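Subject: Structure handover

Hello,

Here is the structure I promised to pass on. Please open it next to this email as you read.

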Amino acid sequence: MMGGLTEAAREAGRIMMDRDGLMISTKGTRENLATTADLKVERFLRARLPELVPGSSFVGEEDGRSGEGDLVWIVDPIDGTANYARDLKVSTVSIALRMNGETVAGVVYQPYTDEMFCARKGQGASLNGRAIHVSNRPLANSMFCTSWSAYKKERSPMCFRISERVLPLCEDIRRFGTAAYELSLLAEGRIDIFFEATLQPWDIAAGALIVREAGGVCGSLDGPESYDAEGPMIAANSRESFGAIRDIVEEEMGREGL
Ligand code: LIP
């Protein structure tokens, strides 16, 4: 199944890279973009993935759910659509398979760099076939990836306060604009800590498994991240760093009554 899955992700990447006739529109708010490529990639994966696992259903960012059942594909056809719309060349295809509420397989593919991050529950994580592991950097030498809640700007001041408190504790901050890729970078040890306030299940499902299978820690404030609704997610290379970030996030979100 993993072979078929990575092949599908690669093909999805090829479809993404074809910008011929690209059209960009907004959904809901002015900063939440969708492109014709998001739709094309999702249409392709909605047809292809259920063929790999008979009886599986599908949930995609653009067109929602098709089918029912305990085996479900959770797909972000283009994670980092704002980057994609501007041709910034940092966007990923994110595919997770969940069974009875647990993610059992995940793939994040970055077509611009041809990086294929994969994980299977209990079998570790890999990048282009090579096993990967989170870093062992202490918090003081960590690179922090985060965002400032662009789609829900009423949460932005809280996110800035969190950044303001984390920056003095770590080395520096980056924002790549795709949570799936940032989680994959954490799994490979290139970055070390991560927080976003408002993520959707398709942004995180594959990346969370890749982080855990690479030895990292991720979750929400008081347990696992949510797959039923949007929510915050914290990830780190160690329990210590996870705890330090979680305490700050808990305090700042608590202040907002979230
Ligand atoms: C994006 C996330 C990113 C987040 C953006 C957005 P999209 O997903 O992956 O990390 O900061 O606000 O949610 O909308 O490009 O699929």
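Below is what turned up, starting with one glutamate and moving on to the aromatic rings. Keep in mind that this is a predicted model.

**Glu42**

Look at helix α2, residues 36-52, where Glu42 is found. Its relative accessible area is 1%. Glu42 is therefore buried, as the cut-off is under 20%. What does its side chain meet? A polar atom of the Glu42 side chain lies 2.8 Å from the backbone nitrogen of Glu62. Beyond its neighbours within four places in sequence, Glu42 contacts several residues, among them Phe58, Gly60, Asp63 and Pro77. Glu61, Glu62 and Gly64 are also on that list.

**Aromatic pairs**

How many aromatic pairs does the whole structure hold? The search finds three. One of them joins Phe117 and Tyr181 edge-to-face, at 6.3 Å centre to centre and 70 degrees between the planes. This pair links distant parts of the chain, 64 residues apart. Phe117 is in strand β8 (residues 115-120), and Tyr181 is in helix α5 (residues 179-187).

Phe176 is partly exposed, at 28%. Phe117, Phe176 and Tyr181 make up one aromatic cluster.

**Charges over rings**

Arg19 places its charged end over the ring of Tyr84, 4.5 Å from the centre. The charged end of Arg98 sits over the ring of Tyr227, 3.7 Å from its centre.

Best wishes

Methods: Residues are numbered from 1 along each chain as its sequence is written. This is a predicted model: local features need pLDDT of at least 70, side-chain atom pairs count only at pLDDT 80 or more; totals for chains, interfaces and linings use all residues. Side-chain values use heavy atoms; hydrogens and water are left out. Helices (H or I, at least four residues) and strands (E, at least two) are DSSP runs, numbered from the N terminus. Buried means under 20% relative accessible area, exposed over 50%, partly exposed in between (1.4 Å probe, protein chains only). A polar contact is a pair of N or O atoms within 3.5 Å; within protein, one must be able to donate a hydrogen and the other to accept it, and residues adjacent in sequence count only if both atoms are side-chain atoms. Contact means heavy atoms within 4.5 Å. Rings of Phe, Tyr and Trp (its six-membered ring) pair if their centres lie within 6.5 Å; planes under 30 degrees apart count as stacked, over 60 as edge-to-face and the rest as tilted. A charge sits over a ring if NZ of Lys or CZ of Arg is within 6 Å of the ring centre and within 35 degrees of the ring normal.
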